[in-house]
Amino acid sequence: MKKLHYLSVLICFFVIACTSTKQPLPVEPGVAKTLADYRKANISNLEYQLQFDIPEERKETIPAKNKITFTLKSADQDLQIDFREEASLIKSVISNGNESAYLFESEHLIIPKSELKVGLNTIEIDFVAGNTSLNRNDEFLYTLFVPDRARTAFPCFDQPNLKAKFQLELIVPKTWKAMGNGKIESVKEEANKSRYSFLTTKELPTYLFSFVAGKFETVTRERNGHKHTMYHRETDPEKLANNTDAIFKLLFQSLDWLEEYTDVPYPFAKYDFIVIPSFQYGGMEHTGATLYNASKMFLDKDATKSSLLSRANLIAHETSHMWFGDLVTMKWFDQVWLKEVFANFLADKITNPSFPEMNHKLKFEMAHFPSSYSIDRTSGANPINQVLPNLKDAGTVYGSIIYHKSPIVMDMLEKIIGKDALKEGLQTYLKTYAYGNASWEDLIAILDEKTPVNLREWSKVWVDKAGRAQVKVDILSENNEITELKLTQTDVNGVDGAWNQDLNLILGYADTTISLPVKFDQAQIIVPEAKGKKVPDFIIPNGSGNAYGFFKMDEKTKQFLLTHIDQVKDDLQRGIAWINLYENLREGEIEGKDFVLAVEQQISKEKNTLILARMLSYMKSAYWLNISAADRKKLGSHLEETLWIQLNREKDMGHKSSLFTTLSSMTESKERLEQLYQVWKDEIAIGGFTLSETKATALACNLAIKMPEKANEIVETQIERIKNPDSKKKMQFVAPALSPDPQIRNAFFASLLKAENRETERWVLDALRYLHHPLREKEALTYLPQNLELLKEIQVTRDIFFPFGWLSSSYSGHQSKEAGDITRKFLEERPDYPENLKLKILQTADLVLRKK
């Protein structure tokens, strides 16, 4: 018999108690777990019939109707329908054919139990749609309801385990197109409007219900007798032509692979997708109306291998969600990672055949470990499994841990039980819970039957525990021979660690390496196989990429890798060594100057695309955040010269693009800035490299900050040059943040304190990075208290990634103790600050909080 989790038992008792004693459920903001569990136990056969009448003018209101039908098991409680808007937006409510004496309280429309009945019920609501999650632009809008934002647009039961069928009607301006989850049933022309009716969907959670309307162009391709349509707003015909076939090819490859792997045919009526300018995320997996970020899909013709790989992974990720997340959905958003882990884990498998020349183990390492470490190294680290009493806080569970640590853990799980057993287990999981909900515990129960390993105990360490092991290697030697090699693992506080994992210990020498497999399942372990071996020049404890943790370097290893890392010939081991070096930098074991010079020394030697891209990314970060202004002044010209020479020599256009981006970011000297200014003006070229509109705009923004005397001219000229209307609007929005006038910048920052000026999140985050640029660090310190003060409001009013993005952008240019002091003071003065938001602050402010 399987043991129930203690919390689950308490919830069950609570639900039973409320049902049997008729004790009223509390009415509170958000969607409390207790309310959600009660509704799940009592509501079934749920359907929504929705109509939205969308005007062309974005400031006008959207009249709407919602007919909700459902079966009630018990009518002993008032019915709470979620609607996080003003009560005045509700115009009328009809309950089972009669006008309702409803109440509105704490974000809920409440239907009295006297108006309800056991069996079939119908609630008809006329209302004005809330705008919070409709993302209204001048020429289009799109919904984004994850995780609990459907209730900001229409009254509903906004919880993932109350799936429903949706029937949608959209009335839109005649010049607009409309799309939703279901297939279009009919389009009727009415004066200046078009009425789109969509077929009823399969069962969906509210966060996946979606519609898009606006001025879009379309491209349609066919696969296996089914048509797939891409909606877009791209105005560059060359960019559209260069990318469209590749996009559809990647989509069809993903669908084919997933149907074979899951043994489940595509489970929904259609797969259309919309490419959105300045979309908040990379993509969003709405069935039949999947959203993608235009900048991630329509790539420049000289796109780097990393950009091409990222696009392939993005399409595979969102397509994987059709099975993992959409067909089978987590029961509650505390396990939102359950859908994300499979989307990322399977995306890596799907994209491998498209890049046959690539080292896929290295690709996995580079894609997931650095991002996961960026959180797990901080004092704000969170576990994969998190606690979530109320869905109003669901956005805060998102982050690099669920997107990147969970695939690493899933890779470990696959190695424990085997690829075939995992595949079979996932097929059973999908077929058992199709169009329903399931938990991690449900999956583990299936997989437990396929291995003697106690997966529940393994899960407690890797899924329920925050942070990473701190791994140290100690060597005793005599006459240059190892007499003892000891591995020690602790947590960040020095307490003995309990992470159970397999290491591949690499002992490296100038001319060879020795690999020692180690089962690391204790706080300390002696590796007997190392005895008698020569003392190595360097050690890589995680040499096969299977192990996860902070691997503290001994002095000899540190010096060898900083000066001779090119002598590590194996690409995977060299890539891992760079990650380990950077983590030692961030943990204070390596000086920023030494790290940057080590990268500079290796730029011309590194031929692996993935490693070079990672090196250059690390170099930019370390240059601005781990080196003082005085040291930057000493080193800057030398580094710029190296990058400029290599940029002109490099033949590979992808490498050239990465080098150019790094040079553009790091250049400070007057002479080199003038050269880049001439490049931007198209007066000089760089070895066959041409600037796309995207790169020219990014360069213009960098130059405007670093050449204040030319800033206004650069910005105004670039706005004129931009052909895409959506890109032009973005440049116009961020222009004040690039101004050389601090008063204009201050006024712009003040404008961001108003919610209506934060609607296009991507624009806001870019502008914040310009305001907090390292060259403006002292001035930007005055913004930090207000950035922090606004966090709670942002968490309530904006989308899931925006709070973390807001903080990341705000700290992006800071490395000073003063920034750390501001942060510490903010938290010390607020001892009862919400824990979930406090963790976000600790994660993003980690660098400055280490300065004491």
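**Entry 1: the sheet**

I looked up the strand order of an open sheet of 5 strands and found β15-β16-β17-β19-β18, with mixed pairing. β15 (217–223) and β18 (283–284) stand at the edges with a single partner strand each, so one side of each has no neighbour in the sheet. I note that the model is predicted.

As background, I wrote down that strands of a sheet pair through backbone hydrogen bonds, in either a parallel or an antiparallel way.

Strand β16 (residues 226–232) pairs with strand β17 (residues 273–276) in the parallel sense, over 2 bridges. For Y231, I found that the bridge partner in β17 is I274.

I then asked which strands helix α3 lies across. Helix α3, residues 237–262, lies across β15, β16 and β17. Its direction is at about 40 degrees to β15.

**Entry 2: N437**

I turned to N437, which sits in strand β21 (residues 436–438). Is N437 buried or exposed? N437 has 15% relative accessibility, and the cut-off for buried is under 20%, so N437 counts as buried.

I looked for polar atoms around the side chain of N437. A polar atom of this side chain lies 2.9 Å from the backbone oxygen of P160. For the backbone oxygen of T329, the distance to a polar atom of the N437 side chain is 3.4 Å.

Last, I listed the contacts of N437, leaving aside neighbours within four places in sequence: P160, N161, K163, T329, M330 and K331.

Notes:
Residues numbered from 1 in each chain as written. Predicted model: local features only at pLDDT ≥ 70, side-chain atom pairs only at ≥ 80, totals over all residues. Heavy atoms only, no water. Pairing = 2+ DSSP bridges. Helix = DSSP H or I, 4+ residues; strand = E, 2+ residues; numbered from the N terminus. Contact = heavy atoms within 4.5 Å. Axes fitted to C-alpha atoms, helices over the stretch in contact; angles between N-to-C directions. Buried < 20%, exposed > 50% of the residue type's maximum accessible area, 1.4 Å probe, protein only. Polar contact = N/O pair within 3.5 Å; in protein donor to acceptor, adjacent residues only side chain to side chain.
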